[in-house]
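User: I want to know what stands behind the labels used for this protein. Please take me through them.
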Amino acid sequence: MAGWRRASLTGLAMSIAAACGGAQSPDIQQVGAPQVHEGRVVAARGPVVPQRGDACVVEVLRTDDAYYNCRIRVECSGDTVYGLADGGYNACYRQGEDLVFARDRNGTRVDGDPRLYFDLAGGRVFVSDDAPDVELEIDLSGLPHDYEGPTTPPPDAMPGA
(Lines give C-alpha, C1' and ligand atoms only; values in the text may rest on other atoms or scores of the structure.)
Protein backbone atom coordinates (compact mmCIF):
# COMPACT_ATOMS: atom_id res chain seq x y z
CA MET A 1 0.00 0.00 0.00
CA ALA A 2 2.80 2.46 0.86
CA GLY A 3 4.42 1.83 -2.54
CA TRP A 4 1.13 2.53 -4.34
CA ARG A 5 0.66 5.72 -2.34
CA ARG A 6 4.19 6.87 -3.15
CA ALA A 7 3.75 6.01 -6.86
CA SER A 8 0.41 7.81 -6.98
CA LEU A 9 1.86 10.84 -5.22
CA THR A 10 4.83 10.84 -7.60
CA GLY A 11 2.45 10.79 -10.58
CA LEU A 12 0.48 13.64 -9.08
CA ALA A 13 3.72 15.52 -8.40
CA MET A 14 4.84 15.18 -12.00
CA SER A 15 1.51 16.45 -13.38
CA ILE A 16 1.50 19.37 -10.94
CA ALA A 17 5.11 20.25 -11.69
CA ALA A 18 4.43 20.24 -15.42
CA ALA A 19 1.53 22.69 -15.12
CA CYS A 20 2.43 24.71 -12.05
CA GLY A 21 0.78 28.13 -12.24
CA GLY A 22 3.17 29.69 -9.71
CA ALA A 23 6.30 28.43 -11.45
CA GLN A 24 9.58 30.09 -10.69
CA SER A 25 10.60 32.87 -12.98
CA PRO A 26 14.28 32.87 -13.95
CA ASP A 27 14.39 36.30 -12.28
CA ILE A 28 13.28 35.08 -8.83
CA GLN A 29 16.19 34.17 -6.58
CA GLN A 30 15.96 32.43 -3.24
CA VAL A 31 17.59 34.44 -0.45
CA GLY A 32 19.11 33.18 2.78
CA ALA A 33 18.39 30.12 4.86
CA PRO A 34 14.86 28.70 5.05
CA GLN A 35 12.59 28.91 8.07
CA VAL A 36 11.94 25.26 8.93
CA HIS A 37 8.85 24.21 10.88
CA GLU A 38 8.13 20.63 11.95
CA GLY A 39 4.65 19.26 12.38
CA ARG A 40 2.34 16.26 12.16
CA VAL A 41 -0.60 15.40 9.96
CA VAL A 42 -3.75 15.67 12.10
CA ALA A 43 -6.28 15.15 9.30
CA ALA A 44 -6.00 13.59 5.85
CA ARG A 45 -8.60 12.82 3.22
CA GLY A 46 -8.12 11.51 -0.28
CA PRO A 47 -6.26 8.82 -2.15
CA VAL A 48 -2.72 10.18 -2.36
CA VAL A 49 -1.99 12.14 0.80
CA PRO A 50 0.09 11.21 3.83
CA GLN A 51 -1.76 9.64 6.73
CA ARG A 52 -2.73 11.03 10.11
CA GLY A 53 0.26 11.05 12.44
CA ASP A 54 2.91 11.30 9.69
CA ALA A 55 5.75 13.76 10.32
CA CYS A 56 5.98 16.85 8.07
CA VAL A 57 8.46 19.62 7.44
CA VAL A 58 7.32 23.02 6.18
CA GLU A 59 10.14 25.05 4.65
CA VAL A 60 9.59 28.77 4.02
CA LEU A 61 12.30 30.52 2.04
CA ARG A 62 12.53 34.24 1.31
CA THR A 63 12.98 35.39 -2.30
CA ASP A 64 14.08 38.65 -3.87
CA ASP A 65 10.79 39.16 -5.77
CA ALA A 66 8.51 42.03 -4.74
CA TYR A 67 5.28 39.99 -5.04
CA TYR A 68 6.32 36.33 -4.79
CA ASN A 69 8.48 37.09 -1.77
CA CYS A 70 8.60 33.51 -0.48
CA ARG A 71 8.66 29.91 -1.55
CA ILE A 72 6.93 27.27 0.55
CA ARG A 73 7.63 23.54 0.37
CA VAL A 74 5.70 21.00 2.40
CA GLU A 75 7.11 17.50 2.76
CA CYS A 76 5.42 14.70 4.71
CA SER A 77 7.02 11.29 5.23
CA GLY A 78 9.49 11.94 2.43
CA ASP A 79 6.87 13.06 -0.14
CA THR A 80 6.61 16.68 -1.33
CA VAL A 81 2.93 17.64 -1.15
CA TYR A 82 3.33 21.34 -1.97
CA GLY A 83 6.10 23.29 -3.70
CA LEU A 84 7.12 20.73 -6.29
CA ALA A 85 9.75 21.44 -8.95
CA ASP A 86 9.56 25.19 -9.61
CA GLY A 87 6.29 25.72 -7.69
CA GLY A 88 5.42 26.96 -4.23
CA TYR A 89 6.03 30.67 -4.79
CA ASN A 90 3.65 32.88 -2.80
CA ALA A 91 3.03 36.37 -1.49
CA CYS A 92 3.87 35.90 2.20
CA TYR A 93 2.99 38.26 5.01
CA ARG A 94 5.89 39.20 7.25
CA GLN A 95 6.09 39.83 10.95
CA GLY A 96 9.49 41.33 11.59
CA GLU A 97 11.91 39.03 9.80
CA ASP A 98 9.58 36.01 9.93
CA LEU A 99 7.34 34.93 7.06
CA VAL A 100 4.13 34.08 8.90
CA PHE A 101 1.19 33.73 6.50
CA ALA A 102 0.44 32.78 2.90
CA ARG A 103 -2.63 31.63 1.00
CA ASP A 104 -2.81 30.05 -2.43
CA ARG A 105 -6.57 29.97 -3.10
CA ASN A 106 -6.61 28.08 -6.40
CA GLY A 107 -6.25 24.35 -6.96
CA THR A 108 -4.80 22.36 -9.83
CA ARG A 109 -7.86 22.83 -12.07
CA VAL A 110 -7.37 26.61 -12.01
CA ASP A 111 -3.63 27.25 -11.79
CA GLY A 112 -1.86 23.89 -11.96
CA ASP A 113 -0.87 23.45 -8.31
CA PRO A 114 -2.65 22.63 -5.02
CA ARG A 115 -4.19 25.15 -2.64
CA LEU A 116 -2.23 26.17 0.45
CA TYR A 117 -3.09 27.93 3.70
CA PHE A 118 -0.01 28.61 5.87
CA ASP A 119 -0.62 30.28 9.24
CA LEU A 120 2.40 30.22 11.54
CA ALA A 121 0.65 32.09 14.39
CA GLY A 122 -2.22 29.60 14.31
CA GLY A 123 0.20 26.69 13.97
CA ARG A 124 -1.65 25.21 10.98
CA VAL A 125 -0.96 24.38 7.36
CA PHE A 126 -3.68 23.13 5.02
CA VAL A 127 -2.90 21.67 1.62
CA SER A 128 -5.89 20.76 -0.52
CA ASP A 129 -6.60 20.11 -4.15
CA ASP A 130 -9.38 19.48 -6.61
CA ALA A 131 -7.60 17.15 -9.04
CA PRO A 132 -7.62 14.74 -7.23
CA ASP A 133 -9.86 15.79 -4.35
CA VAL A 134 -7.56 15.72 -1.30
CA GLU A 135 -7.20 17.60 1.98
CA LEU A 136 -4.33 17.60 4.43
CA GLU A 137 -4.06 19.44 7.75
CA ILE A 138 -0.70 19.80 9.46
CA ASP A 139 -0.28 20.95 13.04
CA LEU A 140 2.91 22.90 13.70
CA SER A 141 2.44 23.23 17.46
CA GLY A 142 4.40 20.11 18.36
CA LEU A 143 1.51 17.86 19.29
CA PRO A 144 2.50 14.27 20.06
CA HIS A 145 2.18 11.45 17.53
CA ASP A 146 -0.85 10.01 19.34
CA TYR A 147 -2.82 13.28 18.99
CA GLU A 148 -6.54 12.55 19.33
CA GLY A 149 -7.96 15.74 17.82
CA PRO A 150 -10.54 15.94 15.03
CA THR A 151 -10.14 13.60 12.08
CA THR A 152 -11.23 16.30 9.63
CA PRO A 153 -11.18 20.09 9.88
CA PRO A 154 -14.45 22.00 10.14
CA PRO A 155 -15.99 22.62 6.68
CA ASP A 156 -15.15 26.33 6.71
CA ALA A 157 -11.52 25.79 7.82
CA MET A 158 -10.21 24.51 4.49
CA PRO A 159 -8.98 27.09 2.00
CA GLY A 160 -11.32 27.53 -0.92
CA ALA A 161 -14.26 26.10 1.02
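Analyst: Start with ring pairs. Rings of Phe, Tyr and Trp (its six-membered ring) pair if their centres lie within 6.5 Å; planes under 30 degrees apart count as stacked, over 60 as edge-to-face and the rest as tilted. The structure holds four aromatic pairs. This is a predicted model: local features need pLDDT of at least 70, side-chain atom pairs count only at pLDDT 80 or more, and totals for chains, interfaces and linings use all residues. Residues are numbered from 1 along each chain as its sequence is written, and side-chain values use heavy atoms, with hydrogens and water left out.

User: Why is the pair of tyrosine 67 and tyrosine 68 called edge-to-face?

Analyst: Their ring centres are 4.9 Å apart and the planes meet at 85°, so the pair is edge-to-face.

User: What makes tyrosine 67 count as exposed?

Analyst: Buried means under 20% relative accessible area, exposed over 50%, partly exposed in between (1.4 Å probe, protein chains only). Tyrosine 67 has 55% relative accessibility, so it counts as exposed. Tyrosine 68 has a relative accessible area of 32%, so it is partly exposed.

User: Why is the pair of phenylalanine 101 and tyrosine 117 called edge-to-face?

Analyst: The centres lie 5.4 Å apart and the planes are at 90°, so this pair is edge-to-face. It links distant parts of the chain: phenylalanine 101 sits in strand β7 (residues 98–104) and tyrosine 117 in strand β8 (residues 115–119), 16 residues apart. Strands (E, at least two residues) are DSSP runs, numbered from the N terminus. Phenylalanine 101 has a relative accessible area of 23%, so it is partly exposed. Tyr93, Phe101, Tyr117 and Phe126 form one aromatic cluster.

User: Why is threonine 63 called buried?

Analyst: Its relative accessibility is 7%, so threonine 63 counts as buried. This residue lies in strand β2 (residues 55–63). A polar atom of its side chain lies 2.4 Å from the backbone oxygen of tyrosine 68.

User: Which residues have the most contacts inside the largest nonpolar core?

Analyst: A nonpolar core is a set of buried Ala, Val, Leu, Ile, Met, Phe, Trp, Tyr and Cys residues joined through side-chain atoms within 4.5 Å. The largest one has 20 residues, and Ile72, Val74, Phe118 and Val125 have the most contacts inside it. Strand β3 gives the largest share of this core, four residues. In soluble globular proteins, nonpolar side chains tend to be buried together.

Note on methods. Polar contact = N/O pair within 3.5 Å; in protein donor to acceptor, adjacent residues only side chain to side chain.
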